[in-house]
Structures are given as C-alpha cells and as structure tokens.
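Please read this short briefing alongside the sequence and the 3D view. It covers a surface patch and the pairing of some strands.

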Amino acid sequence: MLSPLLLCALLPLQAPETPEGALDVPSSKGDLQLLYDDGLVLAWDGGELVLEGLFEVGAGYAIGAEDGSREPTSDFYLKRARPELAGAFEGGWRFRVEPKFTAGEVELEEAWVGRSYTGGTLKVGRMKAPFG
C-alpha cells in the first residue's frame, strides 16, 4: 500500500492592492464603506471593523485502501482556523478578538479592549507580546 500524500498550506486572507488611504474613515456622516485591505473592512464616520484570518487546510490522496481494494481515496479538510476581528471607534477605543479553532480544541489567542492616547494605547485583556 502506498502511503498517503499530504498537502498542507497556510492560507492567509490577503488583500489585493488598494488605493492609497482606503482605510481612512469616511468624512461625511452616514457613509458606510465595505473595503478589502488586508482583510474585510467595514468603515463608517465613527470607526471601522476589520475581519481577517488564517486558515490551514490539508489534502490527502492514496492509491489502495487498507482493505486491499485498488480504489484511490482522497480527502480535503480544514486543519485549523484562526479568524480575527478588530475594531476602532470614536474616542480612541479599540478592540481585538482572535480565537483559534483546531480539532477538538478552541483557544483564545488574543482578546483585548483598549483606548488610544497621545503617545500610546492602554490595553486590558489577553494579548500577544509585541515583536520587532
């Protein structure tokens, strides 16, 4: 029996090139814009919501099953999903939620709420350590 060939890939949600300033909050009241810039962005005059994510998929193909038949078998599956939801609102308020879903397990990678001030952002919750 041949061993299955496994193909796994990390598939980040990537955005196509967008015009300069695509994430600027609209200036006129009542405008609601749906954009795509490193994620799906819903922007309005008081803030924005951004939906991003990382999904790992796998595929397998084998010729010959364990029962001795010569029928090929194939499989395609979602190994893990990590959607990310972030937002920024009037008054400098921000938030981020990033759960990670794997087979039989859910883990909260990041979840915080914060407020931006001149010189930085004060955050409360679970967050990743800054890198860089």
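Tyr-36 lies in strand β2; strands (E, at least two residues) are DSSP runs, numbered from the N terminus. The model is predicted: local features need pLDDT of at least 70, side-chain atom pairs count only at pLDDT 80 or more, and totals for chains, interfaces and linings use all residues. Residues are numbered from 1 along each chain as its sequence is written, and side-chain values use heavy atoms, with hydrogens and water left out.

**Surface patch**
- Tyr-36 has a relative accessible area of 30% and is partly exposed, a term for values between buried (under 20%) and exposed (over 50%), with a 1.4 Å probe and protein chains only.
- Tyr-36 belongs to a nonpolar surface patch of about 750 Å², whose other members include Leu-32, Leu-85 and Val-97.
- Two or more residues of the patch come from each of β2 (32-36) and β3 (40-44).
- β2 gives the largest share, three residues.
- Patches are made of residues with over 30% relative accessible area and no salt bridge, with nonpolar side chains (Val, Leu, Ile, Met, Phe, Trp, Tyr) joined within 5 Å and like charges within 9 Å.
- A salt bridge is a side-chain nitrogen of Lys or Arg within 4 Å of a carboxyl oxygen of Asp or Glu.

**Strand pairing**
- Strands β4 (residues 47-63) and β5 (residues 72-89) pair in the antiparallel sense over 17 bridges; pairing requires at least two bridges found by DSSP.
- Gly-47 is opposite Phe-89 of β5.
- β5 also pairs in the antiparallel sense with β6 (residues 93-102), over six bridges, and Ala-86 is opposite Arg-96 of β6.
- The hairpin of β5 and β6 has three residues between the strands, and Gly-91 there takes a positive phi near 85 degrees.

How values were computed: Accessible areas come from the Shrake-Rupley method with a 1.4 Å probe; for residues, only the protein chains shown count as cover. Helices (H or I, at least four residues) and strands (E, at least two) are DSSP runs, numbered from the N terminus.
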